[in-house]
Amino acid sequence: MIDTVVIATDGSESVERAVTVALDLARRFDADVHALYVVDAGEVESSPETLREEFQDALESQGEKALESVSERNGGNVTTAVREGDPAAEIGEYAREHDADMVATGTRGRHGENRFLIGSVAERVVRTCPTPVLTVRQLDPSEA
């Protein structure tokens, strides 16, 4: 039984299909939906010091927009959260805190010699998350 689904989103195109699949699954199980955006503290810290605050604000704003998009797609029935830290660690911690039954995330859908790489954050979530992880690759337009 799936009662709680956490959708990890960064607002990118590569996560759109994951949001669609996760929301469909949540509807089928009548599960609670949580959408999570993590501001990557490493990215902020590696930015020039004079731009850090502005960069942090921009990432938080991007996160709010990404979460709003997920919420709108589910009729507003979504618990949303913005966290800061290491994305994979924060996603796992959030899943633990909310007793999630599944975490959904998008991948970059690489081709050729990189086809086994699913994206550094998604890969770390799969390896470290205490709950099952659904990874969904964004399809190329020719595959849709």
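Reader: Which elements each supply at least two residues of the lining of the second largest pocket?

Author: A pocket, on a 1 Å grid over the protein atoms alone, is an open set of points where a 1.4 Å probe fits, with protein on both sides within 12 Å along at least five of seven lines; lining residues have an atom within 4 Å of a point. Helices (H or I, at least four residues) and strands (E, at least two) are DSSP runs, numbered from the N terminus. Here, α1 (13-29) and β2 (32-40) each give at least two lining residues, and β2 has the largest share, with 3. This is a predicted model: local features need pLDDT of at least 70, side-chain atom pairs count only at pLDDT 80 or more, and totals for chains, interfaces and linings use all residues. Residues are numbered from 1 along each chain as its sequence is written, and side-chain values use heavy atoms, leaving out hydrogens and water.

Reader: Which residues line the second largest pocket?

Author: Among them are Ala26, Arg27, Asp30, His34 and Asn74. Count Ala, Val, Leu, Ile, Met, Phe, Trp, Tyr, Cys and Pro as nonpolar, Asp, Glu, Lys and Arg as charged, and the others, Gly among them, as polar. That lining then has 4 nonpolar, 4 polar and 3 charged residues.

Reader: And how do the axes of α4 and α5 cross?

Author: Axes are lines fitted to C-alpha atoms, for helices over the stretch in contact, with angles from 0 to 180 degrees between N-to-C directions. Those of α4 (residues 87-97) and α5 (residues 120-128) come within 8 Å and cross at roughly 40°. Pro87, Ala88 and Ile91 of α4 make the contact (heavy atoms within 4.5 Å) with Val121, Arg124 and Val125 of α5.
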